[in-house]
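Thank you all for coming; I would like to take a few minutes to walk through one model with you, moving from a ligand to the sheets and then to the chain as a whole. Please have the sequence and the structure open as I speak.

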Amino acid sequence: MKNIDSKGHVTGKSVYLDDIPVRQDTLFAAVYSAPVAHARILSLDTSGAQNFPGVVAVFTAGDIPGENQIGGTIPDETLLAEEEIIYQGEPIAVVVAENEYIAREAREKIKLEYETLEAITDPREAAEKGSLLLSPRTLAMGDASSQWDKCSYVFSGSTKIGGQEHLYIETQGAYCFPKENGNLTVYSSTQSPTAIQRAIAKVLGKGMHQIETDVTRLGGAFGGKEDQATPWACMAALASSSLQKPVKLVLSRQDDLRMTGKRHPYAADFKIGLSADLKIMAFEVTYYQNGGAVNDLSLAIAERTLFHATNSYYIPHIKSTIYSCKTNLPPNTAFRGFGGPQGMFVMESAIAKAAQELEIPALKIQQKNLLKEGDLLYYGQKVKQVHIRKAWQTAFREFEIRKKQKEIDDFNKKNPLIKKGLALMPITFGISFTATFLNQARALVHVYTDGSVGVSTGAIEMGQGVNTKMLQVTAQTLGITPSRIKLESTNTTRVANTSPTAASSGADLNGQALLIACRGILQRLKKLAGELHGANASEIDLKDEKIFVGGQFTGMSWETLISEAYLRRMQLSEIGHYATPEIYFDKEKKKGSPFAYHVYGTAMLVSKVDCLRGTYEFEEVKIIHDFGESMNPVIDTGQVEGGVIQGMGYVTMEELAYSKSGRLLSNSLSTYKVPDIYSVPKVFVVKPLKVSGPKHAILKSKAVGEPPLMYGLGAYFAVRNAMRAFNPGFKYFDSPITPEKVLLGLYEKVKA
Ligand code: LUZ
Ligand code: MOS
């Protein structure tokens with residue numbers, strides 16, 4: 001089945017926040033934000049903006065009727081700065097005017113006096129100075145420190161990993177309407193409608209029941225709207241509530257780039273110990289996570305980094321420590337993979353380092369240590385239905401990797417200035433929110449008297465196709481055609497207490513809740529059909545809009561059955577509630593089984609580096625991916641393709657640059673390069689691994705949003721391997737591996 005939004009998207013008819021018809025008394029807001037990264041505010045004079053023609057009001061921290069506090073996990077984040085500025089782009093005031101151009105012009109008239117304070121932008125420096133968001137956390141299994149003497153080889157090293165801009169096509173925004181009795185309805189481009197509802201209620205000193213959040217769809221999010229859609233919605237609500245007018249606030253691209261956080265840059269140190277036959281015996285790693293100025297989701301992201309420190313490998317002795325560092329950058333936030341990519345990058349760097357020292361291909365070490373059925377991950381979860389070895393072996397067979405490597409070696413011997421490199425990237429990614437309580441969802445189904453169906457869930461459609469999957473679940477369960485079913489907007493009055501659509505779990509959690517709701521209605525309909533046809537409910541089937549008894553068509557249609565049900569005053573609406581069973585994590589013992597299941601796969605990536613220019617391209621990317629039993633191969637393959645390219649961009653061309661004083665230098669699309677159609681490898685293959693799916697996956701179809709991004713990490717190692725064919729001593733693990741770094745690295749003299 002096609003994505004139900006395809007037609008609307010390609011004809012430009014799909015409705016995004018900025019397409020909502022504007023009510024004529026609407027006012028428009030623009031944000032005045034901090035010009036420096038760290039300072040004490042001495043005075044703030046908004047009169048220049050206030051008196052600007054067309055301006056209706058200017059709001060600052062003092063105008064907030066409730067709490068000036070929007071921290072989603074811990075209360076450490078003001079909506080509008082009070083006495084101190086902690087990052088450049090931090091919101092200080094909201095200017096509301098007749099249109100957005102006036103609002104943006106007027107904000108320039110605000111006068112701010114401040115005393116500049118020292119800014120920290122580097123996580124290692126922050127850790128040294130004790131600037132932390134939380135005390136460091138450690139996870140361990142066995143005793144790594146006692147193992148080094150027993151290892152045949154021990155290597156250590158360090159890595160750096162850059163951040164990543166989300167670059168959702170639709171920028172952050174919200175549109176808020178005042179309703180009677182002090183209530184508000186807010187349309188927001190958010191992954192977390194309930195977080196918006198909760199934060200607005202807090203900021204305005206209202207109850208959550210007074211705030212309704214409604215979301216039709218987002219033009220991309222990638223994690224960037226899990227926590228950071230909140231401030232803009234709160235500002236629109238603050239102005240709307242105070243002025244009793246609709247207020248719209250949509251960030252310009254430049255404001256969005258400057259004011260919002262990104263994927264966390266990390267620095268890390270590692271030590272890896274191997275036996276003579278290349279078993280990884282021990283691994284020790286310390287991560288320095290660049291959290292930005294407030295917590296946001298950094299602590300949860302740190303937790304996922306720890307959980308993915310071993311990637312796809314079994315390591316008996318391991319200790320990992322993470323410092324969540326407080327710096328004067330915009331709060332770094334969720335981004336597809338949520339700390340997983342950083343953890344896996346360090347593991348792969350450690351293996352690459354060992355391989356380099358031992359003068360063997362990394363894949364020998366990778367292959368030797370892949371997880372087996374029943375292996376214990378170091379946080380306490382035993383892996384079940386592990387497909388990593390199968391994916392690896394299938395990739396070797398189908399992609400003829402040995403032959404490929406030989407071709408590349410021959411090519412490199414013959415070509416002094418063009419070098420190719422091959423890398424393999426196995427992935428093992430845990431599915432579930434690491435915060436167990438978030439793994440719940442609800443759905444609401446109405447069957448109307450004509451047999452058509454309206455479906456509401458807590459899932460947010462952000463281009464990933466979750467609505468199409470929800471429609472499939474409904475159609476399949478009730479035995480009706482898709483054209484009868486409408487996916488409603490995601491609205492907090494229809495589905496309450498939603499978890500963010502995140503952690504790759506949107507389709508699983510909401511789909512299971514929807515399945516439960518549909519089955520509730522189905523059960524009652526079967527009972528009625530049984531009564532009408534003198535049969536047991538268990539003999540009834542609903543299929544193709546027809547009613548069957550014991551496989552025989554009764555002559556009764558779905559429409560007639562619904563009409564009969566209504567006349568008998570039967571309940572034709574249902575709420576489904578789902579909470580992922582079995583998962584838990586004991587915070588004290590630091591052990592548990594936090595994930596419903598894992599997603600596996602293996603990618604092969606081949607790069608070609610021009611050793612005169614430092615430029616490179618990717619000749620081939622071929623992937624064996626574990627979809628479980630995909631309920632929608634078209635959508636799921638699209639998720640893999642997009643994820644891989646986004647991951648490749650992350651470790652190759654996407655380079656965030658900040659000045660020493662904390663100003664974003666890569667603040668436009670001319671200075672921040674993301675992959676485009678020309679970056680797609682010439683040969684790009686995604687094949688499903690033939691396996692059965694786990695029961696916690698919706699219709700056994702595994703979560704697919706985040707895991708494929710991590711195949712992209714292999715791009716780093718493919719380029720690095722090609723470089724080493726030219727300059728064998730190249731020693732860094734510093735992502736992204738931009739053409740500039742490649743050129744410098746190719747010609748750097750390495751001491752013997
Ligand atoms: N968000 C979250 C996530 O709150 N917890 C998670 O574990 C998670 N994982 C991936 C993406 N978003
Ligand atoms: Mo996410 S990083 O699943 O919002």
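Let me begin with a term: by a polar contact I mean a pair of N or O atoms within 3.5 Å. Please also keep in mind that what you see is a predicted model.

With that in hand, which residues are around ligand 1? They are Glu226, Arg304, Phe338, Phe433, Thr434, Leu438, Ala502, Ala503 and Glu706. A polar side-chain atom of Arg304 lies 3.0 Å from a nitrogen atom of ligand 1, and a polar side-chain atom of Glu226 is placed 2.7 Å from a nitrogen atom of the ligand. Ala503 takes part through its backbone, where an N or O atom lies 3.4 Å from a nitrogen atom of ligand 1. On its own ligand 1 has 290 Å² of accessible area, and the protein covers 96% of that.

One open sheet has 6 strands in the order 7-15-14-13-8-30, and its pairing is mixed. At its edges stand strand 7 (137-141) and strand 30 (734-735), each of which has a single partner strand, so one side of each is left without a neighbour in the sheet. Within this sheet, strand 14 (residues 280-292) and strand 15 (residues 317-326) are paired in the parallel sense over 10 bridges, and Asn290 has Cys325 in strand 15 as its bridge partner. Helix 8 (residues 298-307) packs on the sheet, where it touches strand 7, strand 13 (266-274), strand 14 and strand 15, and its direction makes about 160° with that of strand 15.

Another open sheet is formed by 8 strands in the order 3-5-1-12-9-10-11-20, again with mixed pairing. Its edge strands are strand 3 (55-59) and strand 20 (490-491), each pairing on one side only. Strand 1 (residues 27-33) and strand 5 (residues 91-97) run antiparallel and are joined by 6 bridges, with Tyr32 standing opposite Ala93 in strand 5. Helix 5 (residues 193-204) lies across strand 10 (184-188), strand 11 (211-215) and strand 20, at about 150° to strand 11. Helix 6 (residues 230-243) lies across several strands, including strand 9 (173-178), to which it runs at about 25°.

Finally, the whole chain, which has 18 helices and 30 strands. Its C-alpha trace spans about 85 × 75 × 50 Å along the principal axes. For 752 residues, a compact globule would have a radius of gyration near 27 Å, and the chain's 27 Å agrees with that.

Conventions. Residues numbered from 1 in each chain as written. Chains lettered and ligands numbered in written order. Predicted model: local features only at pLDDT ≥ 70, side-chain atom pairs only at ≥ 80, totals over all residues. Heavy atoms only, no water. Pairing = 2+ DSSP bridges. Helix = DSSP H or I, 4+ residues; strand = E, 2+ residues; numbered from the N terminus. Contact = heavy atoms within 4.5 Å. Axes fitted to C-alpha atoms, helices over the stretch in contact; angles between N-to-C directions. Near = heavy atom within 4 Å. Polar contact = N/O pair within 3.5 Å; in protein donor to acceptor, adjacent residues only side chain to side chain. Areas by Shrake-Rupley, 256 points an atom, 1.4 Å probe, with all protein chains shown as cover. Rg over C-alpha atoms; globule rule 2.2 N^0.38 Å.
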